Amino acid sequence: MAATTTTLPSPSPSPSEPSISFATTSHDTALALVPPSHLFPQFDRLRSLYDKAYEKWPPHINLIYPFVRPESLPAAAEQISTFLKKQSQEKIRVKLDTVGVFEHRRDNTIYLRDDSPEPKKKLKEVRKGVLSSLGGKEEGRGYQMHMTIAQSEDVRSDTHKFLVDKVGLLPAVEWEVGGLYLLVRERVQFEGTAASRMKVWGKIDLSGEVERMGEPLGFYESSVDDSLDVGKDALQCQPTHVFDDEMDSWLPYTYSPGDYDEDDDEEPPANLPIASYNVLAEFTHPPSSARYPLLLSNILTTPSPILLLQEVSDSFLSFLLSSPEIRDQYPYVSHGPPSQADISPLPSLLNSVLLSSHPFTWEYVSFSRKHKFSLVASFPTLGGLVLAGVHLSCGLTDGSIASKKGDVQRIVRYLGDNYSGKPWVVAGDFNISTSKYTIEKALEKKAVTTGAVAHMEGIESLLEDAGLEDAWAACTDGEEERDGLHAGEEGATYDPTVNEVAAEIVGSGYGMRPQRYDRIYVRSEGEWKIGGFEMFGKEKGKVGDGESCASDHWGVRCLLEAVEKEEVVEVSEEINKLVVPVERSEAPGGLGSAEEALAGMGVFPTDEEAIKRKEALALLKGVLLEAPTDASRLQPTVVVVPVGSYALGVWTSASDIDVLCIGPFSANTFFALATQRIRKAAAQDVDIRILRRVKANTGTMLELEVLGVKMDLQYCPATSIAEQYPQILRAPPSSPVWSLSAPTLSKLKALRDVDYLTRSLHSNLAVFRLAHRFIKTWTRSRGIYSARFGFLGSIQISLLLARTVKLLPGPVSLETLLATFFTHYASFPWATHLAFDPFFHTARIPYTRTSREPLAILGYFPPTLNTCAAASAPSTRAIAAEFTLAASQITSSLSSWVDLLRPTGAASFLSSFSTYIRIDVQYWGISPSRGRRFIGWLESRCVMLLVDINRRAIGLHARMWPARFLVADPDTREGEGEEGRDYRGCYLIGLEKISSAMSKDEAKAALGGLRSALSRFEEVMRGDEKYFDARSCWLAGEIVNRSDLGSDKLEVDGREWGEYTAGDDEEDDDEEDEEETEALGLEELDISDTVAKKKSKKQQRKEKELKQQEEEGYKLETGKKFRTAADVMNRIRWDPEMESSDFLVGYEDRFVGAREKALDAWKSEQTDEEFIPQHRILYFKRKSDGEVLWERRTRKDEIFGSGL
């Protein structure tokens, strides 16, 4: 404790009576004894948990309290000094070794005292003399010397008695009194709450010398170590203890590499069992030791080199560490036995303790609630393995769940900040209720809210996102053959139905169900892998006069197996020449936390969203992999696996889930089967439906909605891959198993990319995911996120970021990674170099860049390596410019990371150029799918325009914004969108000179080339009859000045042109199903009969209609297509000149024959109970005059004029 001090001058002689009398009634000052600061921790480890005055007061023994008024301290100090100088004071030694209790009306004070008569006598004499010098005298019951350690409520309670025992276990503390401390209270306001703290005003030596502080000095400020990591509690951190055979006691131990001779140092073991066991503390005082021998037996029966215990009490730890077998098996412990005179008691009534046969150091990481903490141990001889032991708050309430989630977030963050790149094990009693029965009953009784349950279920996602794998789930299929189990009760470690100790604690109610409380999570970092999982401690034994289990929990044990080290990847000299090295760049400290910036922007999905997606994916798997009714039939192997951003862990709330199915049959067969099963599930009120069927470049795809989550379902026919999944993903790219067709490899590429990225980034996967989300948000805000327009997509971001992470040595923070990423790619030579992963392409790159590829970001697997096929020279220039701008902002102008993410790019784009190309588009057709096809085709061809502009308009830079704009004025947009059928919008390309030195002639030539390119673009687009139909769509391009653009009325168009209604394309789907059926030839599949029947019925219907036409003497003209019922219904709904409420639909009811229904009441959604297939529609009638405008039988069509 350092301070500026002033020694007061010796007071002048005074008479025997004091010159001033002081009232000792102020609670703002005190005269006290304070031990030396190095002794504080011996008291404060308990005081911090049990003394409400901790940090307000130091460890102290009050001599006089209350004391004089603060303004009287100088005069009082002089008079006390005068008294002491007259006295011949002997040295006073205080030894606190006896516990005592003051009983009060509302609480009790538990304290330490010195029972020796000599110190008490001397202190009483000093106290009496000081009071006399101040004009006072001893009153009341007299002085009782004590140091407060704790408070308790009920002196008769077991908790109070345990606490008294704990304080009594403190080792005796002795020191020589150096003087009397004058303390003064400092009052402050903190966040609107009043607080106070006693500080040192001055000190009076027993010889009478007065030392006054320049300013009152606190006791704890000088002891705070600013270098300590957030969350680490230095006060509770203690050295590991090791048993010394010669001393026959446990001694403090600090690991030093020099303790082991390098020649004798062994490699980490090939197998490393780690166990966790909640031993159940005794809650009745005095504690019974009847269960202790059985607990000891359970621990020693199948010992693990590393053992983590929960609910350890002082008495049990003393018993355990007295065992010779334990001392031999576990020479290293986090806490020594409290029964040893020089070892402090455990901090709490329930504690986590670590025992190990390997040396370790450990830290105490505080949680949100008192007495809750994580014991974080590091094992230097095990490759830096880190073990975090947890014992989370119990209970199924909103408060306890919030506490659990916060504590898991805290420990994951702590491990990430301090042990990035090290293998982790997080183990202990998580107290997370897993029984669906228990959770549902708690919800029914309103003991917990649905939001809290969602948070609880999201805890597993937090651990999973941190790269931690559940050892139980990794070693089991999640199923348990046992009658009477509800969902979520598999693998229970706390089971009142079979464990009488647990049953006695629970008593009755919905808590009497099995729960999987105890868990072990592993993040291997390529060092270890999970090799096994088991439980122990289930055997009953003698406890007192009967038999029972040793604890209410079973113990859990995980076997870690060392991963064989792969040979160091050697990069060839040829590859080294192609690599652009990455240099580390540090972000300015004033930008704050990038992760908090992302959270503030709402980028991270909520726990509820994560749970919903997990449930949706599980539901889709269950529907697609539906077990057959004939169990004897051999089912083909089908793999259903997520790919893309969800699988990589970089998804956001707006992301769809990309799902890939791999199986042995053709795409037609799969989609016929999938469609049938999805519709069957929807008919059974399962929340799943088909939105539409899309024929993309990669093949057929189903757009689905499952539990409200959008999904894109694709299929890859690859029998060998499905049968050997997932092990086959480890096969090298040169393996013959990958000798597949280009379309098949193309569909598997996303799966292989995700697998390689997650495996190769294992040590930096968490920071990679954060950085990916940040960069993706930035590219969206700056208008360079769209692979379709030649900019960056998710895969390009992944490739660039993964390359940066791998080329950047050592663990890296998110802020450093982002600064390095932007700085590196701001100066990257895109025109001459390839961006690729040299740790994958180590020998040679099977790729030759052509002059038509301005941007080359190489992926990992064939058939195509360059992922930037749509890139153009203008889009590449735009990407490079944005990287340069971001790097400059980070180093110079940003005030926070949020500034880089603000979505101001579109507004900036609309004001950054003096001239634009505006491509106006309009669609008024009836078919929603044609509207989407038209827009998709147009956007895919915009790259062609940019390339042509770059070729013809030399010297001009064309920057396209990758989105459609629309007029924000509602008056101008009347009749558009859902209420009408007319969609309008425009695409914009900003134009500027590449060089300011362009001459007038060059500018004139560039303008001519620009007009030529635009004219050619219009001609080509309008000439493509497959997508462009002048009767329903229109497009035109023109060059406009910014002043004529009306940018103040433009906004990004987020609509999908043409809202799709499931069921509108029902007849088209039937035709596709028929084509697929003809190609199947697989009668054993359960879809064959259904599809065949559907085909047969349709053929019969067509034949019947043709025959009826011939009999009635009319027939549709050859080549003229009669418009379908779906077309008519859409026309009536969409055409503003038609009033849909004036129309009736005539349809065939399967039981009662022809019926009529209002068109507005017609249900087109297949999952609706009232859904009627459109092939049963007979006619459309106008109610106002009763006229039939469309009839299937007679081929009458007054709507389109397509009939007879």
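Lys614 and Glu464 pair up in a salt bridge, with their closest N and O atoms 3.6 Å apart; the term covers a side-chain nitrogen of Lys or Arg within 4 Å of a carboxyl oxygen of Asp or Glu. Lys614 sits in helix 15 (residues 607–624) and Glu464 in helix 10 (residues 450–465), so the pair ties together parts that are 150 residues apart in sequence. Helices here are DSSP runs of H or I with at least four residues, strands are runs of E with at least two, and both are numbered from the N terminus. With a relative accessibility of 36%, Lys614 counts as partly exposed, and Glu464, at 47%, is partly exposed too. On this scale, buried means under 20% relative accessible area, exposed means over 50%, and partly exposed is in between (1.4 Å probe, protein chains only).

A word on the model itself: it is predicted, so local features need pLDDT of at least 70 and side-chain atom pairs count only at pLDDT 80 or more, while totals for chains, interfaces and linings use all residues. Residues are numbered from 1 along each chain as its sequence is written, and side-chain values use heavy atoms, leaving out hydrogens and water.

Zooming out, the protein chain holds 31 helices and 43 strands. Of its 1204 residues, 50% are buried.

The whole structure turns out to have 49 salt bridges. One of them joins Glu1156 and Lys1181, whose closest N and O atoms are 2.7 Å apart. This pair links distant parts of the chain, since Glu1156 belongs to strand 40 (residues 1153–1158) and Lys1181 to strand 41 (residues 1177–1182), 25 residues apart. Glu1187 and Arg1182 also meet through their side chains, at 3.0 Å from N to O. Glu1187 is partly exposed at 32% relative accessibility, as is Arg1182 at 24%. Elsewhere, Arg788, Glu939, Arg964 and Asp1053 are linked in a salt-bridge network.
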